[in-house]
Amino acid sequence: MPDLTTIAFDADDTLWHNERFFRMTQDHVAGLLADYAERDHLDERLLAAERRNLGRYGFGIKGFTLSMIETAIEVTEDRVPARVIREIIAAGQEMLAHPIELLPHARAAVEELAAAHRILLITKGDLLDQERKLAQSGLGDLFDGVEIVSDKTAPVYADIFARHGLVAEAAMMVGNSLKSDVLPMIRIGGWGVHVPHELTWALEHEAPPEGHARFRTLPDLGELTRLVEGIKDAEGR
């Protein structure tokens, strides 16, 4: 196997908070629609709308906002007041302007590993919003490459590494999503490191590949440099 030379990071809920703002907005909208639907039913219909709309709108705040509007129309049987639609749009706009909050150890982990490795950012979602968040994070200059993609699958990862002149076997993907960050990377021969976040979107849930030689899980990014060094020591490099 080639040396471990490349560390790729997910962005949302790996380097900075993201899902908490979706949950806060969902709570707000649930309050607006409390007279029309019970919370459990509303959450169920919203998740169904998000799943249905991924192929149309992709991942991110704009698709989430449109799905909330669609759900509001559905649960009110086309009777949703215009003021509620206006508030949902305003909530989405507020999300798009929310300041970035780095997760603990995020900057230190990227800086430490950048000293001896090629560092990539691989994130999915709306291009403009992801570019905004990266610029506000103050981490942009630390990455050797930034990839903003519509989805994360094994072929997408393989294409990214090929375009950068890299092989997946020499790379590690670090992220909070088993479905998007860990499993596709392992499928193409790379390392997949799961750093769970306290909040994870239901559509990102998957079972961990327990026992796989290239799967690791960490409590936070503060342990990442030690993990990388341990893997390289074990391989005699």
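Which residues of the largest nonpolar core touch the most other members?

Tutor: This is a predicted model, in which local features need pLDDT of at least 70 and side-chain atom pairs count only at pLDDT 80 or more, while totals for chains, interfaces and linings use all residues. Residues are numbered from 1 along each chain as its sequence is written, and side-chain values use heavy atoms, without hydrogens and water.

Phe-9, Leu-15, Met-172 and Leu-224 touch the most other members of this core, which has 27 residues (buried Ala, Val, Leu, Ile, Met, Phe, Trp, Tyr and Cys joined through side-chain atoms within 4.5 Å). Two or more residues each come from strands E1 (6-9), E2 (118-124), E4 (171-175) and E5 (191-194), and from helices H5 (106-114) and H9 (224-234) (DSSP runs of at least two residues for strands and at least four for helices). A separate core of 19 residues includes Leu-33, Ile-61, Val-75 and Val-84.

Beyond four places in sequence, Leu-15 touches Phe-9, Val-110, Leu-121 and Leu-221, among others (heavy atoms within 4.5 Å). Asp-10 is also one of its partners, and Asp-10 is likewise touched by Lys-152.

Lys-152 lies in the loop between strand E3 (145-149) and helix H7 (154-163). Lys-152 counts as buried because its relative accessible area is 5% (buried is under 20%, exposed over 50%, partly exposed in between, with a 1.4 Å probe and protein chains only). Its side chain makes a polar contact of 2.7 Å with that of Asp-181 (N or O atoms within 3.5 Å, one able to donate a hydrogen and the other to accept it). A polar atom of the Lys-152 side chain is also 2.9 Å from the backbone oxygen of Ile-122.
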